[in-house]
Amino acid sequence: NSAVIDWSDFYIAVNRANLAIKYIPQINGFNPNLLAEAYAIRAYLYFDAIRVWGAVPLFTDPVESSAQDLALPRTDGNTIMNDVVIPDMLEAEKLMSLIADKYRFTRTTIWALQADVYMWQNDYAKAKEVLDKIVASNEYSLVNSPEAWQNLFINDIQEGGPGKVMTGPELMLSIRYDINEPRDNPGQTR
């Protein structure tokens, strides 16, 4: 299945995170939340990669030239977890000041990522610590009716308007997606 083994979109996203991590700190008066999001995205991407493929080529510096060596060997998943995923998600938490925004990485979504990582590692004590932080934030709650539960999943984009967009107190991170919107020019439709 060639679509499953094609890593190109994954590495495009990794490279964009690496570019952000390299260049955001060079901007005068940069917003630390943006840098935190870049670290969180890279941690998330590599966490997913090692869960799916195990060992993968590791890029922590941006590819900025066609002269760069792109044929890196695979790096062991445990090494990636300990040297990239965990340090990146902890750096993201340290830099992030936003508590909640359903369309952005925030402190609560970083905590959710940390809980996922710690559960994957069977470190239940650390997972409970970060899950307790999410509960203490008072930003989210469980739905209490079938209609509210359904609203968590319904996305009914209508021609000429947004239509019904999923809503609910459990939603921590949503990805805005419109099939008619080109990926390289968000906000514009064809």
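## Crossing of H5 and H6

In this predicted model, H5 and H6 cross with left-handed geometry. Two packed helices are described by the angle between their axes and the distance between the axes. For H5 and H6 the angle is about 160 degrees, and the axes lie 8 Å apart. Angles over 145 degrees count as roughly antiparallel, so H5 is roughly antiparallel to H6.

On the H5 side, the contact is made by Thr108, Trp111, Ala112, Gln114, Ala115, Tyr118 and Met119. Their partners in H6 are Tyr124, Lys126, Ala127, Val130, Leu131, Lys133, Ile134 and Ser137. By class, the residues of this contact are 10 nonpolar, 3 polar and 2 charged.

## Nonpolar cores

The largest nonpolar core holds 27 residues. Tyr11, Tyr46, Val85 and Val117 touch the most other members. Five helices each supply at least two residues of this core: H2 (8-23), H3 (32-52), H4 (77-95), H5 (107-120) and H6 (124-137).

Not counting residues up to four places away in sequence, Val85 touches Ala43, Tyr46, Phe47, Ile80 and Val117.

## Asn18

Asn18 sits in helix H2. Its relative accessible area is 1%. Buried means under 20%, so Asn18 is buried. Leaving aside neighbours within four places in sequence, Asn18 is in contact with Arg42, Phe59, Thr60, Asp61 and Pro62.

How values were computed. Residues numbered from 1 in each chain as written. Predicted model: local features only at pLDDT ≥ 70, side-chain atom pairs only at ≥ 80, totals over all residues. Heavy atoms only, no water. Core = buried A, V, L, I, M, F, W, Y, C linked by side-chain atoms within 4.5 Å. Buried < 20%, exposed > 50% of the residue type's maximum accessible area, 1.4 Å probe, protein only. Helix = DSSP H or I, 4+ residues; strand = E, 2+ residues; numbered from the N terminus. Contact = heavy atoms within 4.5 Å. Axes fitted to C-alpha atoms, helices over the stretch in contact; angles between N-to-C directions. Parallel < 35°, antiparallel > 145°, perpendicular 65-115°, else oblique. Left-handed = near helix turned anticlockwise from the far one by under 90°. Nonpolar A, V, L, I, M, F, W, Y, C, P; charged D, E, K, R; others polar.
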